[in-house]
Structures are given as structure tokens and as C-alpha cells.
There are 4 protein chains.
Amino acid sequence: MKNGRDPARTRSKILEAATCEFARYGLGGARVDRIAARARANKRMLYYYFGDKEGLFLAALEDRYAHIRNAERSLELEHLDARVAVRRLVEFTWNYFLDHPEFMTLLNSENLHKGRHVRRSRRVPEMHSHLVGLLRDVLRRGEAQGLFRKGVDPVQLYISIAGEGYFYLSNRYTLSRIFDRDLMAPRALALRARHIADMILNALRR
Amino acid sequence: MKNGRDPARTRSKILEAATCEFARYGLGGARVDRIAARARANKRMLYYYFGDKEGLFLAALEDRYAHIRNAERSLELEHLDARVAVRRLVEFTWNYFLDHPEFMTLLNSENLHKGRHVRRSRRVPEMHSHLVGLLRDVLRRGEAQGLFRKGVDPVQLYISIAGEGYFYLSNRYTLSRIFDRDLMAPRALALRARHIADMILNALRR
Amino acid sequence: MKNGRDPARTRSKILEAATCEFARYGLGGARVDRIAARARANKRMLYYYFGDKEGLFLAALEDRYAHIRNAERSLELEHLDARVAVRRLVEFTWNYFLDHPEFMTLLNSENLHKGRHVRRSRRVPEMHSHLVGLLRDVLRRGEAQGLFRKGVDPVQLYISIAGEGYFYLSNRYTLSRIFDRDLMAPRALALRARHIADMILNALRR
Amino acid sequence: MKNGRDPARTRSKILEAATCEFARYGLGGARVDRIAARARANKRMLYYYFGDKEGLFLAALEDRYAHIRNAERSLELEHLDARVAVRRLVEFTWNYFLDHPEFMTLLNSENLHKGRHVRRSRRVPEMHSHLVGLLRDVLRRGEAQGLFRKGVDPVQLYISIAGEGYFYLSNRYTLSRIFDRDLMAPRALALRARHIADMILNALRR
DNA sequence: GATGAATGAGGGTTCATTCAT
DNA sequence: GATGAATGAACCCTCATTCAT
């Protein structure tokens, strides 16, 4: 069964398999053979399209960054009331991490390697220019309405919003163990979602 | 000059070297040879004392958990005013992650492996029974004084406090890149510390 | 811009690129991809014209043999005085190796492979029938004039003439290192040229 | 059948096997697996003792240089009559190349790689300081006796002596083919030995 | 004639681990 | 308790070659 001549499909299947593998085992633990097998592609094609393992890792990372930022953009926060916008971003971010744990492990791997790959990427910074401006605007509107306290930096806020969910979900195994609770039980997840929204919105109050 | 016959010292040097190596490269990326070299110990000794690489990893993890919890205990939060206690814990947690980045990468590794090692550990959960009770008490006192809002779960709060610093510091490389800011510049660190304290304390307000 | 449909040119560009590659890396070290890239040709064309890598190697070798023998022929030794003819051949051979180091490495590769390719070639022996006869004639004339000693075999002489330059130039890197001299410095080259001429002509004296 | 614990023997068996392999296939064509198999050693040991393939190549090269120079030294040319000394060196050099073709292919490989390994070696140049002085002395004595012509450089002479045999033997396959003669037939070898001696000694005559 | 995509065998190297002393 | 030597599986990557168009 030779792989039919569909370059775009071959490439995307490799990328998908790689994302899965890197997410599960990290960059160092990922196995090129497994990626090729899962993609039902010849190992050689991986190098044909992505250069080497690290090139493939960067491609996967860029792809996942593009994915979350695209999803974020479709929230259309610019047209919403400031408090609604923040709440919506908080909920979206929580749900995104919940539904895409592979993104968190990819980021952990990249940071373990001191951002070596993302530093070389031109695409990644480009994707984020929009986000900060958008959040700044939301904060400004909230301040103008007298709802939000002043002086909140949009980057700091974003990191807080993401951090609330990220730490909980990324470290779910150790946290579940040390606190002797199943943090992934449906009820626990619902409670955390509510807790985060409460924390962020209360923290922004005047 | 062979390593003098000082078993305890040999063991602790291996543990220290291992912590350093695991923190830097992750469990998968860590190299037994490098650990032995850095500890100036024979590789065989590593197996003698810790069984295998994973046993060594668990030992390092337990050691680091013990370290942070001990440091935390010396804060003596039980004798402080509720707001002061929270602020002190927030600051401590931030500073601990800042000063001990190896702890974060260790935790990331352990979670990448789905908590496989910590699950087998009896010591780890024991160390944490104290922490939750302590925080619950602080929250209760704050509520009683009318300073804190009701219904805040101590575990959720702790995860929020830790998450605010953890995400920022653990993902410093990617975040610095996507937001085009040096998050580790002294000024940036000071701003983050203040931001976190503001967020947490505001979020707890009635 | 595809490679214009000029078959002869495509073929000769591949041959040229291959000669360069084989000379630089040897048969084993040569890379088919690099040859194709340097020739700006599709890799498939290489197989189309030359069968396989070894066919290409033989073609390059034959081409280079043809080149040196043609150049040699234009010396027109048959019309010269015996001593002048020998001197001229000596100088030519030295200069040819000096100007065409790729020929030496090609020969080294072929001999490393025990002459496997040249053995299959019909063209190569044909090219050399002339050379021996020519040299024999020169030697005979020199003997007849009482200038050269008797009994010198033309093949042995040719090998001596070539060997004097070949060893020096082919092994220039190791010799420069072991004798702690830059054998390729202009002055060193001039001295060697003179030394060789002296050696050969003195050796032939009666 | 584990390889008994005899480090020195393990090392030397690997070196021997490597010399054989490098001589036969060149640096690029040599296969680490074959070397290990021939040495009946674990492949890993090769890296344990020699670092990598190139380290092993350098070790083999140094070893062979040491071998020829040691053999040369035992000729004790310093105590012989000048003409006898030259003749003896000529014969020795011819016979050495004849008996040790692996040395020639090793040198060819090293020169193909532009002397990359030998350049890093400290041992190699040290081995050769003696040789030039020795030859210079022989030449001087020959001159003083009125037997040798003046102005012959010892390094040039050595290269001529070696070159006479090297080119013939190293290129035996191509030369046999182009001259349509078996250059390795016993009679042919004897004739070449005589030819070389005649050439060198005649060339040195006053 | 010419092309980009695909192949599978095998390249050098490194790994965690264990043996014999 | 401690050591240097040894192991074999598996790692990432590259090779010459061929297929489908």
C-alpha cells in the first residue's frame, strides 16, 4: 500500500502525528519512528518536509500557536462589553487548555529548551501582535466605564488568565496527588472554571 | 584521589547532581553519565543508592517537595493576620519559584509522565496535609473579620497563587518571545510580583 | 525556470558536477544529491544518462583520462629532440597534476576500489596504446645519440615521471604536516618542478 | 562468550580491525559495524576508547606512521656508507609499501580529507623530526666523498624515493589496466625494485 | 526529457544498565 | 562501597534509488 501522491496530505499527517507524539513524550522523549508510523509515512519524508526532528517540533509548535490564536480571534472580543469580553476570554482560555492539553506540554517542552525553537520563528511573534492590542482596548473600555481598576497591564492580565488554568491543568497529576483530590473529575473542573472567573473578575473590580 | 568513603556524602552529591540534570533536561533528556560525572561518582553508585534512573528522579522530586514545604512552614502563617498571611504566602511562592526554577521543570517532567513517580511515593502526600489546613484556617479568619469573601476553597486559592507565578516563570521563554518583552528583567519581575499580590488580594476582597 | 531542453548540455553539466564531487569526496563519500544540485539537474536525469552512481563515476574517469591524454598528445613529442622531449613530458606531467588535482583523487578512488570500473571500460586502454610507443621511441632515439643509458623501460620511466609529481601533490597535506613545510607555497612548487626535472634527466644519463 | 576483561587487548584489537577496514574502504566507506565485528568487540567500546570514527581513524594513522618510522630507524643508516645508505632506504621504502599497502590507502584517505586528522595530531610531526636530519647527513657525506651531486634537498629526495614506489603500488590497478601489464607479477615487482634503485642512485651521481 | 515525492536499508552514535574485580 | 570495562537495543538521520506524473 504505497502512500498515494498527495504531498499536502502527507505533510499534514506527519505534522499531526508529530504534535501528538511531542505532546505525549516531550521533544526529547519523542521518537521519530513512532511519528512516521503513526502518520503512515516513510520516515524519510519527515526529513524531506521538515528538515529534522527540531524543525518538525517548531512546525508543530507554530501550528498550535496559530490554532489557539485563530480560535481566540473568533471570539470577537472587540465588539463586546468589557466585563463580558473578559469573562468570555477567561472561559475560552480555560476550555482551550482543557480541550487541548497537547498545547501545554508542547509549551513546557519548548521552555525546557529555553525557547530555542520559537526564537528562530518569525511566524510566532507575528501571531501575537493582535492579542495585546485587543486586551488593552478591553481594559481601557472597562476603566472608562468605571468598572475596572486602573493600571492593569494587558500582558500581565493575560498571563494571569492563562496561568489560572494552565497550572491547574498542566500539573493535574502532581496536584491531584498532593491534595488528594481528583482534579479532573467533572465536578472539580466546573468548580475550577467558576473559581477562575470569580478570581479574575473580582481582581479587576475597582 | 578516589571519592573518600563517605556514603552519605556520595549519596547526597548524586542527588544534587541529579536534581540539576533533571531540571535542565527533563527526565527523558537527562543523562545518567552526566549525573555521575557531575557528582564525581561512579555510575554504578547511582544504581546502588537509587535503583535506577526513575528511582533517582523520584528521590529528587521528593527532596524538592520537602524543601519548599519546609520553607513554607517557616513562614508561620498561623500566627499572622489573615491579609498579611495571604500576602506573605503570595510573595513567598513567587520568590520560591523565581529562586528555584529547577522545581518547576521537575514538576513539568513529572506531569509529562502523568505523575507516575509521585503516585508511588508515600512521603509526598504526607508533606502536604498541613498546607491545606493552614490555608483553610487563614481564609476562615479573613472571612470572620469581614475582609475576605466567603466560599473560597483553600486548594483552589493555593493553585491560583502558585499558578500566577508558575505560568509566568515556567513559560518565560515563550512568553518573552510572543509578547516581545524580557520577562526576566529586574523591573519586569518586580512588576509581576506586585501584579500578583494585587490580583490575589483584590480577588479575595468581599 | 526549468533546465532548458538541451540534452547534451544537461549531460555534460552532470558529468562536470560529478567529477567535482567525486574528486572532492571520493566515490564512497560523493553524494548523488549534491551532484544533481550542483548540476542544477533533476536527480532522475543522472540515472537516465549514466545508469547509476558507479556508471557516472566511470564516465567521469574516462572523461578525465581522455583529457590528459589529449593534452599530452598536443606536446608532439615525436618531433622533438630526445632530451627536450623528456623534459617537456616531465614538465607537462607535473603541471597537469598541479592544475588538475581532481584527476589524482579520481585515480585514488578507483584504485581503492581495485580498478573495478576501469576494468569494465573499453575506452580507457585504447587511449593509452599511443603513449607507450611514443615514449619507447624517444628513449630509443636518446640511446642512439649516446645520451641515455640503455635498458630503460618506457612504462617504468613514465611511472617514475608521474610518480615524482603525484606523490608530492596527492599527499601534500600529510607531507606538509610531517615535514613541517608548506609544500604548496609557490617557491616550494618551483623547487619541486626543478628537482623532478633534475632527477629524471640525471637518472637517464649514460 | 563475553570478551574477557583485557582492556589493552580490546583496544588493540579494535585498532587493528579499524586499520584493516579503513585501508580497504577508506574513511568514508569504512563501516563501524564491520570494525566492531572483526574486532569481536561491542560497537560501543569503539567509542569508549576512541571517541568516534574519526578519532579511530587518527589513531590508526598515528599507529601506522609510528610503525614505518620505527622500522626505518632500525635500518641504522647513520652508520652506513652514503651510497649503501641510500640504496638501503630505497629498498626498504619499496618493500614497506609493498608489504603494507594499507598504509598507502590510509594516507590517500587522509589526503582526500585534506589532512584534517593529522593536523590535529601532536604525535605525528614528532615522529618525523629524526628522518630529515638523518637523510641530510647521508647526503652531506656522499657529497663530501665526491659521490653525490650538490644541492639535493633531503625532503625532496625522500619524496622522490617514496614517490617512485608509491605511485606504482598505490595505482597498480589503473596502471595495470592502462599499460595492459600485471604490475604485481613477481617479475614485474623485481624489475620495478631494480628500476627505482637505478633511477635514484643515478640521479644522485655527480 | 524532466520533475517532486516516495522508499527501505543501513549509517554513526548514544542510551541505561550490568559485569568482574 | 567503589571502580572501569562491557553490553545490546535503539536513537536520529542519510543513503542511492525508483515511482507516478
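User: Is A:I159 buried or exposed?
Analyst: A:I159 is buried. Within 10 Å there are 24 other C-beta atoms. Keep in mind that this is a predicted model.

User: Why does 24 count as buried?
Analyst: Because the cut-off for a buried residue is 20 or more other C-beta atoms within 10 Å, and A:I159 has 24.

User: Which helix is A:I159 in?
Analyst: Helix α9 of chain A, residues 154-170.

User: What does A:I159 touch, leaving aside its neighbours within four places in sequence?
Analyst: Three residues of chain B: B:F167, B:Y168 and B:L175.

User: And how far is A:I159 from A:A85?
Analyst: Their C-alpha atoms are separated by 16 Å. Along the chain, the two residues are 74 apart.

User: Let's zoom out to chain A. How many helices and strands?
Analyst: Chain A has 11 helices and 0 strands.

User: What size of box do its C-alpha atoms fill?
Analyst: Roughly 65 × 40 × 30 Å for chain A, along the principal axes.

User: How much of chain A is buried?
Analyst: Buried residues are 42% of the 206 in chain A. As for contacts with a separation of 6 or more, 67% join residues 24 or more positions apart.

User: What domains does chain A have?
Analyst: The domain assignment gives domain 1 (1-51) and domain 2 (54-204). Their centres, taken over C-alpha atoms, are 28 Å apart.

User: How many residues of each domain are in contact?
Analyst: In chain A, 11 residues of domain 1 are in contact with 12 residues of domain 2. On the domain 1 side, α1 (7-29) and α3 each give two or more residues. The most come from α1(A), with 8.

User: What classes of residue are on that domain 1 side?
Analyst: The side of domain 1 that touches domain 2 in chain A has 8 nonpolar, 3 polar and no charged residues.

User: Switching topic. Which residues are closest to DNA strand F?
Analyst: A:K53, B:N42, B:R44, D:N42 and D:R44.

User: How does the surface near DNA strand F divide by class?
Analyst: Into 22 charged, 13 nonpolar and 6 polar residues.

User: Now chains C and D. What rotation superposes D on C?
Analyst: A rotation of 180 degrees, with 0.0 Å of shift along the axis, superposes chain D on chain C. The RMSD is 0.1 Å. That is the relation of a two-fold axis. In chain D, the C-alpha nearest the axis belongs to D:A203, 2.1 Å away.

User: How many residues does the contact between them take?
Analyst: It takes 46 residues from chain D and 46 residues from chain C. Elements supplying at least two residues of the chain D side include α1, α6 (101-112) and α8 (123-144). The largest share, 11 residues, comes from α9(D).

User: And the classes on the chain D side?
Analyst: The side of chain D that touches chain C has 19 nonpolar, 16 polar and 11 charged residues.

User: Why say the copies meet through the same surface?
Analyst: Because 100% of the interface residues of chain D are also interface residues in chain C.

Definitions and conventions: Residues numbered from 1 in each chain as written. Chains lettered and ligands numbered in written order. Predicted model: local features only at pLDDT ≥ 70, side-chain atom pairs only at ≥ 80, totals over all residues. Near = placed C-beta within 6 Å. Nonpolar A, V, L, I, M, F, W, Y, C, P; charged D, E, K, R; others polar. Least-squares fit on C-alpha atoms with pLDDT ≥ 70 in both. Contact = placed C-beta atoms within 7 Å. Helix = DSSP H or I, 4+ residues; strand = E, 2+ residues; numbered from the N terminus. Buried ≥ 20, exposed ≤ 12 C-beta atoms within 10 Å, placed from the backbone. Domains from an automatic or database assignment.
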